[in-house]
Amino acid sequence: MKIPVNKIAIVTSGGDAPGLNACIRAVVRSSCFYGIKVCGVQRGFEGLIDGDIIDMDASSVSNIIHRGGTILKSSRSLQFKTEEGRAIAFRQLKKAKIDALVLLGGDGSFAGAAKFILENDFPVIGIPKTIDNDLFGTDFAIGYDSAINTAMQVIDKIRDTAESHNRIFFVEVMGRDAGFIALRTGIGVGAEAILVPETTTDFNHLLSVFEKGWSREKSSMIIVVAEGDEEGGAFTIATKVKQKFPQFDTRVCILGHVQRGGSPTCSDRVLASKLGIAAVEALLEGKTGVMVGEVNKEIVYTPFNKAVKHHMNVNENMLRMLEILSA
Ligand code: F6P
């Protein structure tokens, strides 16, 4: 049944990502456009449970499109994982007379939202944001493009110093369960090898890459390692390589949270704006329990349970490209 939507709330949940502010702006401005009241939940689901909700209007989101982070702040809420916590969150929404929620989240947040809807029959529309890009139902999640550009710029700098000293660098990028950051960044920086959780790391193959590079007298090598690689991350892999090739001068660099900060790229700002508008329009059409995404430039709606359970497969063509280019 389609229920009237007079007031909506926005919440940013889970790890932050560049482009969240651009998306908050789009949700607020499109709500104003359609004459709906809009408010912001502070500190993710933790703030919702505490009733930390503020009114917003068109001016609340002035001059934020270019800023990293989230003006609403975020959290990884343990309370929202419990039925009791979700019931309190529902009561807070009712108390604030909110009719629907726009959730900017990743897989953990969407899994929680799916349970919340079943228990409380409350409309929620999701917008994908995660630098890891590991959601099904969108080609790109908000934040991914900015993160890979940040990683690429940093690794280009690492290449300069690696060249000067004839070194091998093991650079660890984010991606707990997925290698999308590693793969795209690795191709972008001309890496010699890319290690991702989706494929089994063939250590002998890795050693043959070094042997080939060594025989060709390469003056630097960059190995991009996704943090979730089953071999155990950049430090572990570097140690193993050093045991086998003590003559190599190796270094490790962990990029870490630098990838989550900074001004969003233009692609992320436009994607965030597009999905923010689409989320408000989806609520007005009576949709709920779905994530709005963009596939082949079209807006698509994917049920939360499907968005989180069907991770995109690793792009085999990227691995083939690496094979050809890294010789
Ligand atoms: O949001 C995804 C992510 O950036 C992962 O790539 C990373 O493993 C994790 O978040 C880090 O989370 P936290 O900021 O809570 O340490």
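**Exercise 1. Determine which helix gives the most to the lining of the largest pocket, and describe that lining.**

Solution. Helix H4 (residues 107-120) gives the most, with six residues; helices are DSSP runs of H or I with at least four residues, strands are runs of E with at least two, and both are numbered from the N terminus. The model is predicted: local features need pLDDT of at least 70, side-chain atom pairs count only at pLDDT 80 or more, and totals for chains, interfaces and linings use all residues. Residues are numbered from 1 along each chain as its sequence is written, and side-chain values use heavy atoms, with hydrogens and water left out.

Next, take the volume, which is about 640 Å³ for the largest pocket. A pocket is an open set of points on a 1 Å grid over the protein atoms alone, where a 1.4 Å probe fits, with protein on both sides within 12 Å along at least five of seven lines; lining residues have an atom within 4 Å of a point. Of the 29 lining residues, Gly 14, Arg 76, Asp 107, Gly 108 and Arg 176 are the closest to the centre of the largest pocket.

**Exercise 2. Identify the elements that supply the lining of the second largest pocket.**

Solution. The second largest pocket holds about 430 Å³ of space. Among its 22 lining residues, those closest to the centre are Ala 193, His 205, Val 209, Leu 322 and Glu 323. Strand E7 (193-195), helix H7 (203-215) and helix H11 (316-325) each supply at least two lining residues, and H7 gives the most, with six.

**Exercise 3. State how H6 is oriented to H11, and how H5 is oriented to H6.**

Solution. Begin with helix H6 (residues 180-189) and H11, whose axes lie 10 Å apart at an angle of about 30 degrees. The two helices are therefore roughly parallel, a term for angles under 35 degrees.

Then take helix H5 (residues 144-165) and H6, which pack at about 45 degrees with axes 9 Å apart.

Key
Points joined across faces, edges and corners; volume = space filled by probe spheres on them. Axes fitted to C-alpha atoms, helices over the stretch in contact; angles between N-to-C directions. Parallel < 35°, antiparallel > 145°, perpendicular 65-115°, else oblique.
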